[in-house]
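Here's a quick briefing for anyone meeting this structure for the first time. Have a look at it, then read on.

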Amino acid sequence: MVLDAYGVWHLPILFGIVLIAAGEKLAVLHPFGALAAKPAIELALGATAFLVGEAMFRRRLRIARPATRLAAAVLAPATIPLGTQVAAFAQLAALVVLLGGTLALEHALDSNKSIA
């Protein structure tokens, strides 16, 4: 079980981090300018890969149910138009809100389970 989690599902997590870093490299240079398609896609798909890998990693180790992280992974590509048409900062902010909201939702759901 551990070999499967770290051997298979750890790879999309690492790939997602690398994609996010590649997208952030250009986003940080001009935070209030619109991004080209490539870095905007790298940011969104990096977040998607990270969230899918994290959800499956946690599912394999029976840490938690992956539903909230998989839902966030589906929503991450919706931030691409923010990066390409508004500003890099807008896309980064939307991804931070998405990831933070996912963690807050999971925490709230876990808190409700411990009370019941």
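Which residues line the largest pocket? They are Arg58, Ala64, Arg65, Ala67, Thr68, Glu106, Leu109, Asp110 and Lys113. Keep in mind that this is a predicted model, where local features need pLDDT of at least 70, side-chain atom pairs count only at pLDDT 80 or more, and totals for chains, interfaces and linings use all residues. Residues are numbered from 1 along each chain as its sequence is written, and side-chain values use heavy atoms, with hydrogens and water left out.

**The largest pocket**
- There's about 170 Å³ of space in the largest pocket.
- Its lining splits into five charged residues, three nonpolar and one polar.
- Helix H3 (67-75) and helix H5 (88-115) each bring at least two residues to that lining (helices are DSSP runs of H or I, at least four residues, numbered from the N terminus).
- H5 gives the most, with four residues.

**Glu42**
- You'll find Glu42 in helix H2 (residues 37-60).
- Neighbours within four places in sequence aside, Glu42 is in contact (heavy atoms within 4.5 Å) with Leu19, Ile20, Ala22 and Gly23.

**Leu70**
- Leu70 is part of helix H3.
- Leu70 counts as partly exposed because its relative accessibility is 30%, between the 20% and 50% cut-offs.
- Setting aside neighbours within four places in sequence, Leu70 is in contact with Val52 and Ala55.
- Leu70 and Ala55 are 15 residues apart along the chain, with 6.5 Å between their C-alpha atoms.

Note on methods:
1 Å grid on protein atoms, 1.4 Å probe; cavity = no way out; pocket = protein on both sides within 12 Å on 5 of 7 lines; lining within 4 Å. Points joined across faces, edges and corners; volume = space filled by probe spheres on them. Nonpolar A, V, L, I, M, F, W, Y, C, P; charged D, E, K, R; others polar. Buried < 20%, exposed > 50% of the residue type's maximum accessible area, 1.4 Å probe, protein only.
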